[in-house]
Amino acid sequence: MQAKFKPEILIVDDVENNIFTLRTLIEAHFDANIIEATSGEQVLRIINERTIDLILMDVMMPGMDGFETARLIRNRPKTSNIPIIFISAYDPTQKLLEKGIAAGGFDYLAKPIDDTQLVYRLKMYLRFIQHEFMMNLHLRELNLKLIEEIEERKTTEQTLQFSQRELKSANASKDKFFSIIAHDLKNPFNAIIGLATMLIEDYDSFSHEEQMDFLMNIKSSAENTYRLLQNLLEWSQTQTGKIVFEPTQFYLQPIVNEIIDLVKVSADNKNIGMEMDIPKTIQVFADKNMINTVIRNLLLNAVKFTRKGGFVKIFARLIEDKVAISVEDNGVGISPEKLENLFSIDVNIASHGTEGEEGTGLGLILCKEFIEKNEGKIFVESKLCVGSTFTIKLPEFYQSI
């Protein structure tokens with residue numbers, strides 16, 4: 001019988017009413033063991049005596065405050081990876097947030113606590129913790145099976161061959177991950193370099209307003225590239241269950257406008273028309289940076305595989321409680337064989353764009369990872385020589401579990 005995952009959640013606050021409020025909220029939504037502490041010293045004793053999966057900790061406490069307690073927790077190898085969510089006063093300057101991150105915190109919530117946000121974030125953190133728990137359980141089961149195989153006098157050579165296959169598979173996934181990073185960082189840098197080169201070579205031929213427009217585009221591209229790098233690093237953390245996932249409610253149209261401004265440089269070079277049809281009122285509940293990366297990736301891919309003079313459209317519609325976002329092109333299309341493996345990390349589907357643009361084909365893997373982490377789905381419809389339509393579906397509003 002498979003063991004049931006029941007997380008150990010430590011609530012730390014020197015005010016009993018605050019502990020009672022958090023305990024009541026957690027017990028209403030989760031099957032968890034809840035432990036209470038009223039000081040940093042008590043926390044250190046508890047984490048030495050039992051395994052804690054997640055800590056909700058107040059910052060302002062008599063004696064040792066929450067930040068100092070977190071630093072001591074991080075300095076102990078046994079407890080260094082415990083997720084810590086700080087809960088304290090409203091922080092308009094974000095100085096407390098910065099201190100919390102520096103102290104090793106995973107997240108920061110301001111009082112009064114928004115119940116819906118807290119439950120959702122706990123849900124996401126506990127999902128990652130449960131995944132790690134199940135993986136460890138699975139590894140223990142594999143170890144038991146391996147012992148049985150040894151006891152049944154299976155040869156060392158067979159065991160070594162199995163380990164080599166596992167190592168080869170792990171290395172292949174690692175190599176492809178780094179290929180994703182190289183692929184997705186190249187296009188934004190090309191835009192920055194292209195704009196800077198045009199400005200340097202023909203500086204005097206542009207008006208002051210045109211020069212400022214170039215500089216603003218370069219600045220925007222650089223900022224988007226920096227955000228992309230952050231997102232990719234966070235995606236790598238998802239593989240170890242250490243990502244800080246920050247879903248929020250936001251309007252879709254403004255971020256799509258920003259992405260189109262970035263992608264339009266590549267589209268204009270191929271005389272490709274771009275069209276957007278996204279109502280101003282449409283909102284989604286998701287990690288904004290991840291969705292930014294996904295939409296940018298899909299638009300860049302659409303431009304890459306569309307011939308000169310073609311078109312790329314992005315539109316969004318509400319379907320029940322979901323937002324469907326589609327990117328459509330009249331490009332070269334995708335063969336049925338490639339469609340089957342489009343989102344598979346262990347199959348090489350690298351191809352070139354209509355102007356010879358290189359790509360690993362792994363950017364879509366990143367899209368799939370991010371969409372699934374936002375509890376969404378991604379689909380594709382395509383026909384050779386006709387075009388492709390990629391559609392993602394995301395929650396419109398967060399609904400309490």
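This is a working chat about the fold of one predicted protein model.

Me: What should I know about the model before I look at it?
Reply: The model is predicted, and local features need pLDDT of at least 70, side-chain atom pairs count only at pLDDT 80 or more, while totals for chains, interfaces and linings use all residues. Residues are numbered from 1 along each chain as its sequence is written, and side-chain values use heavy atoms, with hydrogens and water left out.

Me: OK, how many helices and strands does the protein chain have?
Reply: The protein chain has 11 helices and 12 strands, where helices (H or I, at least four residues) and strands (E, at least two) are DSSP runs numbered from the N terminus.

Me: And how much of the chain is buried?
Reply: Of its 401 residues, 43% count as buried, and buried means under 20% relative accessible area, with exposed being over 50% and partly exposed in between (1.4 Å probe, protein chains only).

Me: Which residues touch the most other members in the largest nonpolar core?
Reply: They are L252, I295, L299 and I314, in a core of 45 residues. A nonpolar core is a set of buried Ala, Val, Leu, Ile, Met, Phe, Trp, Tyr and Cys residues joined through side-chain atoms within 4.5 Å.

Me: Which element gives the most to this core?
Reply: That is α9, with 9 residues.

Me: How do α8 and α9 pack?
Reply: Their angle is about 35° and their axes are 10 Å apart, where axes are lines fitted to C-alpha atoms, for helices over the stretch in contact, and angles run from 0 to 180 degrees between N-to-C directions. The crossing of α8 and α9 is right-handed, a term used if the near helix is turned clockwise from the far one by less than a right angle, with left-handed used if anticlockwise. Residues in this contact include L252, I255 and V256 of α8 and I291, I295 and L299 of α9.

Me: What about α9 and α11, at what angle do they pack?
Reply: The angle for α9 and α11 is about 150°, with the axes 9 Å apart, and the crossing is left-handed. Among the residues that meet are M290, V294 and L298 in α9 and L364, L366 and F370 in α11.

Me: Switching to strands, which way do β9 and β10 run?
Reply: They run antiparallel and are joined by 8 bridges, and two strands pair if DSSP finds at least two bridges between them. Their hairpin has 2 residues between the strands, and E320 there takes a positive phi near 55°.

Me: In what sense does β7 pair with β9?
Reply: Strand β7, residues 273-277, pairs with β9 in the parallel sense over 5 bridges, and M274 has V312 in β9 as a bridge partner.

Me: Last one, where is T38?
Reply: T38 is in the loop between β2 (33-37) and α2 (40-49), and T38 is partly exposed, with a relative accessible area of 30%. Not counting residues up to four places away in sequence, T38 touches D13, D14, E16, I19 and M61.

Me: How far is T38 from D58 in space?
Reply: T38 and D58 are 9.3 Å apart, C-alpha to C-alpha, and 20 residues apart in sequence.

Terms used
Contact means heavy atoms within 4.5 Å.
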